[in-house]
Amino acid sequence: MPANPRILGIETSCDETAIAILEVGKTLKIVKNLVSSQIPIHQKYGGVVPEVAARTHVAESVSLITEALGKKGMDAFDAIAVTSGPGLATALRVGIESARVLAMLSGKKIVGVNHLEGHLASAWLNASNRKKWKFPLLALIVSGGHTELVLMKDFCKYKIVGQTRDDAAGEAFDKTAKLVGLPYPGGPQIAKLASLGNPDAFPLPRPMMNDGSFDFSFSGLKTAVRIAWEPWSKMEDARAEQAKRDLAASVQTAIVDVLVEKTMRAAEKYKVNGVLVVGGVSANASLRERMEKAIKERLPKLAFLPSDRAYITDNAAMIAAAGYWRIKKGEKHDWRKLDARPEWNI
Ligand code: KG4
Ligand code: ZN
């Protein structure tokens, strides 16, 4: 490997086809960062359809890899990092097969990366975060499929200290949005409406907030939201419009209350030096603001390490970064044996 290796990242675990090239030296250089989102395709189904996702990844990955490698071809990279799981099995396999072919033809190193470790690495792509990066760290991973509190003891050394027992935080946003008739993905839509609503209008539960564990549960909240919306669901006047905004504000506040409280308590217990907030739901402005404020007020010595907006949603730069962590530890995989791990936990 050269002194400043270039890692080719490949991500196809869900509804984004993403290819990136990351150069790692004294600084990080994101040479290419290509993302093709399938959201408009899946929107008409109200969620991601695995077979459609896989087929779209096939077409998109070929064109993005061609674009990323350019004239340099196989000389454009020194190693390959590909998302091996967790995710949709058929979708994962598209990226893995492309990566295996590239590894076979180029003879270069390949590592299978955990998608959630990729989300952790998304915070490391930020130069100011890297300066404050001192283990142990605590990470809140909040996405459409995952809600996890991860204690990071070192690069590649993690312990899950809390996780959801049912729905993920992103699902709670998405299902609320669906209930009130908003398109997929619901998180950004709920956030937009919430800014116009009263967060105290609907008294919603804060599930498991004070139970002493670091686990989460959002399915009860989903039921409470459904019951609260019932009387409004058939109305279409201005009052119902305001009720929708109020419900959005109330549900967002309930979710953020629980996420912030549990993160603060875990950060205190494990005596960490900083808190990462990563995954799709970390795009939520209220979550970012309230987490930063809670750290300042309650644990002011801790660093707040969110990922940059550009790397919050699924991308391949974060996969390349996590792949670099693995390669640096001496890991490499045999391209012949690399396979999808749809249920892989971090
Ligand atoms: O990490 P991600 O892009 O994909 C998964 O790996 O799941 O996360 C997608 C999730 C969706 O549930 C989406 O509704 C949510 O992130 N999301 C948000 C916001 N932006 C995206 N949730 C709340 N507020 C947002 N601004
Ligand atoms: Zn993700």
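**Ground rules.** I noted that this is a predicted model, in which local features need pLDDT of at least 70 and side-chain atom pairs count only at pLDDT 80 or more, while totals for chains, interfaces and linings use all residues. Residues are numbered from 1 along each chain as its sequence is written, chains are lettered from A and ligands numbered from 1 in the order in which they are written, and side-chain values use heavy atoms, with hydrogens and water left out.

Entry 1: Counting contact as heavy atoms within 4.5 Å, I found 14 residues from domain 1 and 19 residues from domain 2 taking part. The size of an interface is often given as the accessible area lost when the parts come together. For domain 1 and domain 2 the buried area is about 1,500 Å², and carbon and sulfur atoms give 73% of this; buried area is the accessible area (1.4 Å probe) that two parts lose on being put together, summed over both. On the side of domain 1, Leu116, Leu120 and Ile312 lose the most area to domain 2, and together they make up 41% of what that side buries.

I then searched this interface for salt bridges (a side-chain nitrogen of Lys or Arg within 4 Å of a carboxyl oxygen of Asp or Glu), and the rule finds zero of them between domain 1 and domain 2. What I did find is three residue pairs in polar contact, both residues at pLDDT 80 or more; a polar contact is a pair of N or O atoms within 3.5 Å, where within protein one must be able to donate a hydrogen and the other to accept it, and residues adjacent in sequence count only if both atoms are side-chain atoms.

**Entry 2: salt bridges elsewhere.** Side chains of opposite charge can pair when their charged atoms come close. I read a total of 19 salt bridges in the structure. In one of them Arg165 pairs with Asp215, with the closest N and O atoms 3.1 Å apart. Arg165 lies in the loop between strand S8 (157-163) and H6, and Asp215 in the loop between helix H7 (186-194) and helix H8 (219-229), so the pair ties together parts that are 50 residues apart in sequence; helices (H or I, at least four residues) and strands (E, at least two) are DSSP runs, numbered from the N terminus.

Lys175 is partly exposed at 32%, and Asp167 is buried at 9%. Both belong to a network of salt bridges that links Asp167, Glu171, Lys175 and Lys222.

**Entry 3: Thr176.** I found Thr176 in helix H6 (residues 169-179), where Thr176 is buried with a relative accessible area of 4%. Its side chain reaches the backbone oxygen of Ala172 at 2.7 Å. Leaving aside neighbours within four places in sequence, Thr176 is in contact with Ile190, Val225 and Val251.

Definitions and conventions
Buried < 20%, exposed > 50% of the residue type's maximum accessible area, 1.4 Å probe, protein only.
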